[in-house]
Amino acid sequence: MPLLEVNDLHVQLQTQRGPAEAVRGIGFTLERGETLGIVGESGCGKSITVQSLMGLLPASAKVSGSIRFDGTELVGLPEREMCKLRGDRIGMIFQEPMTALNPVHTIARQVGEPLRLHRGLSAAEARKEALALLERVGIPDAASRLDAYPHQFSGGQRQRIGIAMALACGPDLLIADEPTTALDVTIQKQILELIRGLVAERGMALILISHDLGVIAESVSKMLVMYGGSVVESGPTPAVFAERTHPYTQGLFAARPALGAPRGLKLETIRGSVPELVDLPPGCPFAGRCRYTADACAATRPPAVSLPHDHRVRCIRLDEIAAEEGMAL
Amino acid sequence: MSAVPAAVPSAAAFKVPGFWHRALRHRSFTIGAVLSLLLVLAAAVSLVWTPWSPYEMDMASKLQKPSWAHWLGTDTFGRDVASLLLVGARASILVGVIAVGIGLTVGTALGLLAAARRGWVEEAIMRLTDFTMAFPAILSAIMMTAVFGAGIVNAIVAIGIYNIPTFARITRASANAIWSREYVAAARACGKGSFAITMQHVLPNISAVLIVQITIRFAVAILAEAALSYLGLGTQPPQPSWGRMLSEAQTMMFQAPLLAVFPGMAIALAVLGLNLLGDGLRDLLDPRLARAR
Amino acid sequence: MSDRFDPDPKSAALLEVTDLVRHYTLPRERLFGPPPSVKALNGVSFSVRPGQSLGIVGESGSGKSTIARLVMALDRPTSGSVKLLGRDLHALPKDELRAARRDVQMVFQDPYGSLDPRQTVARIVAEPLEALAETSRAEQRERAGESLAAVGLRATDLHKYPHEFSGGQRQRIAIARALITRPKLIVADEPVSALDVSVQAQVLNLMQDLQQQFGISYLLISHDLAVVNHLCDEVCVLHRGVVVERGAPQQLFAHAQHPYTQALLAAVPRAEPLASA
């Protein structure tokens, strides 16, 4: 049985202009120890997806579909049961190390909190465990800094503390929502190495969200590309990177300025801008911005086309794209 | 005293479509607005018409219960209670408007100056406000009216003076938050001076905070005026005042309890209305809800 | 008192920064002894020639934002000089400094914070002109329209408010504001960091077009090497307040000498191998 099985997940949010679907029927599976990356830009629904996994959506959100975590159905699970899972079986690392830690609690207390909550450890025992965790995540001189406060640490160190907190109870699934976006690039490298190391060491499953394709390439074995609440392309990372079948995926890759590229080279852009959730068409969300848009695109949701190596794309214009790009499918 | 808002509410909220749509659905705002409007209406109506003259004493019909002739009854001197309430609203509003006006103009100016200049100017202004606030408000008002004489003008000045440090502090705190915004840095990068930036960028962006504060201080002013009049230091007879109505009703508590209930309710409803209006506005002008994206 | 800014005809450089130092003193921690200080910049020198663009690459704490503020004369240096067209900005009298701002404008990082939410786009874009106090309202509006057109927005956007636009469009408005005085130099402090990748590409292309169309020089400050690579003729790598290495981007990125530059390059997650120079 897979650790996580998401099927036809729909999330409806209340926006200023009325209800809008932020996640439109996505599905994926994750085995124990597997790593999954979700890549997309703002508004694509990647954060909403993991928030629905954790049950952290606003009260006005409507969730339908199925999320099975180790056999337990998470959609509609009462809050009390969800609390038992959070921090214990599922750990989460947030984007902003500055605000993810409580400024008035010591780090020993914060890292020990999940242990006291889920494992019933005493304060002294939790403190010992916290020390071990902080040393593992690479906080220098951890023993003497147990009673320090978050503001006394740098951004990168705070993120390490956040990671220690997420790992405290040895979760089966670790969710990292843009964990390095707010950090400098040299620190980013260290944090990603740390996460990869811990995931391999403890056999955890990992869901890593990022807008940075480079981060995805280095960290996960399979990936989803999201746009407008749908998964437009999914598959093993090497396959998606090599083939880049969906026009949005192609646009995303082409838009990155490359190091060492000659001056004067124009970047390829995706025409237009991301529409608001309420304005998305019922069919393919990329219709209208896509070079290959046909009339049928906006009308109905494209079915998933299976390519070799478990690589899937949602597009009805694949033949035309292949013809134009000279690709083999 | 209200706490400083962490995020400065955006006055651009009024321009977001659907503001009035949300406002009319917000319970605190609508109830508060209705009550506040009633207060203003009462005072406005009293300028052109009252059921009876509030000054006319009719000893023959004193201490009457509410009836069709006298809707809320009469007091110890036979004056019509309903008329007294309507005209009394005038005193409350007058005090509110002028006292808050004094605080708003002088206090806001000081706060803006403190935020624009920083350094010793800011320190001096803040210490001055600390000093003024160290005196308990009502006691200072009593002391001032006792020294300079009772009467509505002195009451207004006494209450108004206390509004100055309140507005100064809240203006300074919000203005400081705006000064650190990037669009102010952009204006400085264009070469704009402090005065132009204060007028064009800072003031418009703190207006929401000030609006909320105005409603709150208005309520406090009404209460203060009632307290002073109750003590005989505020509005003088024969001018009707809700506070003095309460004090006169004290001796008649057991014979005619309603005489205390009506002015008491009027004060309570006015203050409640303004506070609810302030709460509602604070929620509605919150920048998190105001942003379209 | 002249309020015009006259360039020094002998100077060839557009911007010349010499030995710039900026130390900030922090509040006292002890009653006796010197208060602690943050040494943000420790002697930085570089120059920008007309028509050329310079990139400054550094991480947080490197001092790059401090450079932006000092070049824009929003802050005074502890020592060193910033010369625009040969004239030392910090030695100028107030009126001449204001006039000098015609030639150097700034684009900020945060598209959501750098536009006043209570002003219309027309007012925001025209602000630099308004500060110079030389043009009428009507002319300001007209120039604002031209500026907006240059960045790909429409005249109908003039009466709208910032919240009606997306992040990328707001950054275009910020660029339009920087363009309106027809400056020779634009200081761009992380202009695309807050934008999504596809939007980033649009704005970078726009900046490139403006470079070619109007001959504008950029002083581009970024932590992102690829962005700097895209727009600049020369790059300075900043680390802890000093320039550790400089050179043309292609050369620098292919053959970095300084260990910090090498560490920076190694840390960039790569989805594909470096394009060969």
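Q: Which strand order does the open sheet of four strands in chain C have?
A: The order is β2-β1-β4-β5 in chain C, and the pairing is antiparallel; two strands count as paired if DSSP finds at least two bridges between them, and helices (H or I, at least four residues) and strands (E, at least two) are DSSP runs numbered from the N terminus. This is a predicted model, in which local features need pLDDT of at least 70, side-chain atom pairs count only at pLDDT 80 or more, and totals for chains, interfaces and linings use all residues. Residues are numbered from 1 along each chain as its sequence is written, while chains are lettered from A and ligands numbered from 1 in the order in which they are written.

Q: Which strands of chain C stand at the edges?
A: Those are β2 (37-48) and β5 (87-88) of chain C, each of which has a single partner strand, so one side of each is left without a neighbour in the sheet.

Q: And how many bridges pair β1 with β4 in chain C?
A: Strand β1 (residues 15-25) and strand β4 (residues 79-84) of chain C pair in the antiparallel sense over five bridges, and C:T18 has C:S81 in β4(C) as its bridge partner.

Q: What lies across β1, β2 and β4 of chain C?
A: Helix α1 (residues 64-71) of chain C does, running at about 115 degrees to β1(C). Axes here are lines fitted to C-alpha atoms, for helices over the stretch in contact, and angles run from 0 to 180 degrees between N-to-C directions.

Q: Switching to chain A: what order does its open sheet have?
A: The four strands of chain A have the order β2-β1-β4-β5, with antiparallel pairing, and the edge strands β2 (18-30) and β5 (72-73) of chain A each pair on one side only. Strand β4 (residues 62-69) of chain A is joined to β5(A) by two bridges, with A:F69 opposite A:T72 in β5(A).

Q: How confident is the predictor in chain A?
A: On pLDDT, the predictor's confidence in each residue from 0 to 100, chain A has a mean of 89, and 99% of its residues reach 70 or more.

Q: How many residues do chain A and chain C put into their contact?
A: The contact takes 29 residues from chain A and 32 from chain C, where two residues are in contact if their C-beta atoms, placed from the backbone, lie within 7 Å. On the side of chain A that touches chain C, α8(A) gives the most, with five residues.

Q: Back to helices: at what angle do α3 and α6 of chain B pack?
A: Helix α3 (residues 81-117) and helix α6 (residues 152-179) of chain B pack at about 35 degrees, with their axes 5 Å apart. The residues of that contact divide into 22 nonpolar, nine polar and two charged; Ala, Val, Leu, Ile, Met, Phe, Trp, Tyr, Cys and Pro count as nonpolar, Asp, Glu, Lys and Arg as charged, and the others, Gly among them, as polar.

Q: What about α3 and α5 in chain C, at what angle do they cross?
A: The axes of helix α3 (residues 121-132) and helix α5 (residues 167-179) of chain C cross at roughly 35 degrees and come within 6 Å. In this contact C:V121, C:I124, C:V125, C:E127 and C:P128 in α3(C) meet C:I173, C:A176 and C:R177 in α5(C), giving six nonpolar, no polar and two charged residues.
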